[in-house]
There are 2 protein chains.
Amino acid sequence: MKGEGLIIVNGELADSLNVMDRGLQYGDGIFRTLKADSGQLRWWNDQYRKLSDDCQVLGIHCPAEPLLKAEADSVASMQGIGVIKIIITRGVGQRGYRTSPDASSTRIVMGFVGSHMIEGPVEARWCNLRLSRQPRLAGIKHLNRLENVLARSEWNDPAIAEGLLMNEAGQVIGGTMTNLFMIEKDTLVTPDLSNCGVAGVARARLLRAAAKHGQSVKTEAISPERLLQSDQILLCNSLIGIWRVEKLENTVWPDNGWADKLKCWLNEDH
Amino acid sequence: MKGEGLIIVNGELADSLNVMDRGLQYGDGIFRTLKADSGQLRWWNDQYRKLSDDCQVLGIHCPAEPLLKAEADSVASMQGIGVIKIIITRGVGQRGYRTSPDASSTRIVMGFVGSHMIEGPVEARWCNLRLSRQPRLAGIKHLNRLENVLARSEWNDPAIAEGLLMNEAGQVIGGTMTNLFMIEKDTLVTPDLSNCGVAGVARARLLRAAAKHGQSVKTEAISPERLLQSDQILLCNSLIGIWRVEKLENTVWPDNGWADKLKCWLNEDH
C-alpha cells in the first residue's frame with residue numbers, strides 16, 4: 001500500500017497473500033466495505049452480522065467478532081483511514097474445487113486513506129450487461145464480481161456516478177456498487193434480490209428504519225418503465241450513504257425531500 | 001508450496017501475491033490447467049490460444065507467448081511436476097470495480113508434483129446446483145468459480161469422480177471440472193456452451209479431430225433424459241484426457257469402444 005493505507009492478513013501486517021488461497025484461485029470468499037469516521041467503524045454490528053451470514057451460506061469459517069473487530073479497529077485507528085475493506089476467504093487449499101471442512105479461513109483487513117465519495121445528487125445510466133440468475137449466491141457479497149467489473153467498464157464519463165443493472169428478465173436490480181430504492185407516492189420500493197444482486201447493509205438498515213417508522217415498503221420486481229415513472233430514485237451503500245439520482249439518461253427528477261429523510265433514517269440507532 | 005511444487009509470479013519465484021491484485025479482490029482473471037509430461041507442456045499451442053482468447057474477452061492484457069512459455073517450461077522442468085496451472089489476472093488495482101486501461105496483468109505459473117488423476121471408467125452423479133446463464137462470461141475459464149465450488153461440495157463419496165451440472169432450463173452443460181460428450185448411434189453430441197459452462201481445450205481438440213475424421217457432430221441442448229438414453233457418456237479435460245462414464249446414478253453403460261477412439265483423437269497432432 002506504500003503510505004496509502006494499511007493491510008492486516010490473519011492478524012499480521014502484510015501486503016501479500018498466499019497464492020494458493022482459494023480467494024484468488026476461485027473467488028471463494030466474501031467481503032465487506034465499511035466507512036471509518038475518526039477511528040470509529042460505522043454500523044459495525046450490521047457489517048459483522050452480514051459478513052457472518054454470508055460466510056455461513058458459503059460454509060466458510062467466520063472469524064470471531066472480537067478478533068475481527070480488534071483488527072478492524074486497529075486499522076481504522078491509523079491517521080486518515082476513511083474506508084475499511086474486509087475479505088474473508090475459505091483459506092489456503094489444494095488444487096481443485098473440493099473444499100476441506102477443517103480449512104482455516106483467511107481474514108484480510110484493509111484500510112484506505114480518505115473516502116473520496118461524492119455527496120450527490122448524481123447522474124446514472126443503464127448498463128447493457130444483464131445480471132445472471134443464481135439463487136444460491138444472490139444477496140451475498142462474494143468475491144465473484146466479474147459481472148460488476150464488466151458493467152463498470154461500460155462507461156468512463158466521470159459525470160456519471162453509477163450504472164443501473166437489470167436481470168435477464170429485464171427487471172431492475174440495482175447499481176454496480178449500490179442498492180436501489182424508488183419512491184412511488186408515499187411508498188418505498190426496492191428490488192427483490194432473491195435471485196441476483198447484493199443485499200447490502202445500507203439497504204437492510206433502511207428497511208429496518210422504514211419498519212420502525214411505519215413506512216409502507218414493497219420489495220418486488222421493478223421494470224425500467226416503472227422506475228422512470230417513479231417520483232424519486234435513491235441509491236445507497238455503506239460508503240456513500242444515500243445518493244439521490246437527479247438524472248437517468250434523459251429523465252430528470254427534482255428533489256422531493258426523500259433523500260434527506262432516508263439519510264436520517266440510515267444513521268439512526270436501531 | 002514447501003516441497004510440493006513451484007510458483008513463479010511475474011517471473012520471480014514467489015509463493016505470495018499482492019493483496020490488492022484484482023484476481024483476489026474480484027476474481028478478475030482467467031486460468032488454465034495443463035499437464036506436464038517429463039518437462040513437456042501438453043497441448044501448449046491450444047492452451048495458450050485459449051488463454052489469450054479468454055484474456056481478450058475480458059480486456060485483460062495477455063502475456064506474450066514466448067515469455068509465458070519460458071516460465072511454464074521452467075516450472076515444468078522441475079523433477080516430478082505433473083500439473084501446471086497458469087493464472088492471469090487484470091493486475092493490481094485501486095479499490096473499486098473500475099478498471100484502468102494501462103494496468104499490467106499479473107501472471108502466475110504454478111507447478112504441482114504428480115497428477116493423481118484416475119484413468120477411468122468412472123461413476124458420476126447429478127448436482128443440484130443449476131448453472132446460471134451469462135452469455136458474457138460463458139465458455140471463459142475465469143476466476144469466478146463459486147458455482148463449481150458449491151457443486152463440488154455436494155458429495156464426498158470418493159467413488160464418485162464427477163458431478164454433472166444442468167443450466168436453469170434443466171439442460172445438461174457438463175461436469176464440475178470436465179466437458180461432456182455423448183454418443184448417439186454414430187453421432188458425437190456435446191452441449192452448447194454459448195450461455196454457460198467452460199469450453200475447455202480437450203473439448204476443442206476433440207471437435208477439431210472429429211471434423212478432420214469426418215465424424216458427425218452436434219453441438220446443442222441436451223436434456224438429462226436424452227443423456228440417459230445415449231449409448232455412451234464421455235467426460236474430458238486437459239488433465240484426465242477422457243473418462244468413460246460407466247455409471248450415472250442408477251444407469252450403467254458398457255464400454256462401446258468410443259472412449260478409446262476419442263483418447264486417440266485427443267492426442268493426435270492436428
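Reader: Which residue stands opposite Asp37(B) in E5(B)?

Author: The model discussed here is predicted. In chain B, strand E4 (residues 29-37) runs antiparallel to E5(B), and 2 bridges join them. Within this pairing, the residue in E5(B) that faces Asp37(B) is Gln40(B).

Reader: Which strands of chain B are the edge strands of its open sheet?

Author: The sheet of chain B is open and has 6 strands, paired antiparallel in the order E2-E1-E7-E6-E4-E5. An edge strand pairs on one side only, and in chain B this applies to strand E2 (12-13) and strand E5 (40-41).

Reader: At about what angle to E4(B) does helix H2 of chain B run?

Author: Helix H2 (residues 44-58) of chain B lies across E4, E5 and strand E6 (81-89) of that chain. Its direction relative to E4(B) is given by an angle of about 175 degrees.

Reader: Why is one side of E2 and of E5 in chain A left without a neighbour in the sheet?

Author: Chain A has an open sheet of 6 strands with antiparallel pairing, in the order E2-E1-E7-E6-E4-E5. Strand E2 (12-13) and strand E5 (40-41) of chain A stand at its edges, so one side of each has no neighbour there because each has a single partner strand.

Reader: Which residue in E7(A) stands opposite Ile84(A)?

Author: E6(A) and E7(A) pair over 8 bridges in the antiparallel sense. In E7(A), the position opposite Ile84(A) is held by Gly111(A).

Reader: Which residues touch the most other members of the largest nonpolar core?

Author: In general, nonpolar side chains of soluble globular proteins tend to be buried together. The largest nonpolar core of this model holds 150 residues. Ile84(B), a member of that core, touches residues including Leu34(B), Leu41(B), Val75(B), Val109(B) and Met110(B), leaving aside those up to four places away in sequence. The members that touch the most others are Ile84(A), Leu234(A), Ile84(B) and Leu234(B).

Reader: Which element supplies the largest share of the side of chain A that touches chain B?

Author: The contact takes 41 residues from chain A and 41 residues from chain B. Among the elements of chain A that each supply at least two residues are strand E1 (5-9), helix H1 (22-26), strand E7 (106-113) and helix H4 (146-152). By class, this side of chain A has 18 nonpolar, 13 polar and 10 charged residues. The largest share, 5 residues, comes from H4(A).

Reader: In which sense, left-handed or right-handed, does H2(A) pass H5(A)?

Author: The axes of helix H2 (residues 44-58) and helix H5 (residues 201-212) of chain A come within 10 Å and cross at roughly 115 degrees. Asp46(A), Gln47(A) and Lys50(A) in H2(A) meet Val201(A), Ala204(A) and Arg205(A) in H5(A). By class, this contact has 2 nonpolar, 1 polar and 3 charged residues. The crossing is right-handed.

Reader: Is Ser38(A) buried or exposed?

Author: Ser38(A) lies in the loop between E4 and E5 of chain A, and its phi is positive, about 50 degrees, although it is not a glycine. Most residues other than glycine have a negative phi. Because a residue with 12 or fewer other C-beta atoms within 10 Å counts as exposed, the 9 found for Ser38(A) make it exposed.

Reader: How many C-beta neighbours inside 10 Å does Trp43(A) have?

Author: Trp43(A) is found in the loop between E5 and H2 of chain A. Its phi is near 60 degrees, a positive value in a residue other than glycine. Trp43(A) counts as partly exposed because its number of C-beta neighbours inside 10 Å is 18.

Reader: Near what value is omega for the peptide bond from Gly120(A) to Pro121(A)?

Author: Pro121(A) has its place in the loop between E7 and strand E8 (122-131) of chain A. The bond from Gly120(A) to Pro121(A) is cis, with omega near 5 degrees.

Notes
Residues are numbered from 1 along each chain as its sequence is written. Chains are lettered from A and ligands numbered from 1 in the order in which they are written. This is a predicted model: local features need pLDDT of at least 70, side-chain atom pairs count only at pLDDT 80 or more; totals for chains, interfaces and linings use all residues. A nonpolar core is a set of buried Ala, Val, Leu, Ile, Met, Phe, Trp, Tyr and Cys residues joined through C-beta atoms within 7 Å. A residue is buried if 20 or more other C-beta atoms lie within 10 Å of its own, exposed if 12 or fewer, and partly exposed in between; C-beta atoms are placed from the backbone. Two residues are in contact if their C-beta atoms, placed from the backbone, lie within 7 Å. Two strands pair if DSSP finds at least two bridges between them. Helices (H or I, at least four residues) and strands (E, at least two) are DSSP runs, numbered from the N terminus. Axes are lines fitted to C-alpha atoms, for helices over the stretch in contact, and angles run from 0 to 180 degrees between N-to-C directions. Ala, Val, Leu, Ile, Met, Phe, Trp, Tyr, Cys and Pro count as nonpolar, Asp, Glu, Lys and Arg as charged, and the others, Gly among them, as polar. A crossing is left-handed if the near helix is turned anticlockwise from the far one by less than a right angle, and right-handed if clockwise.
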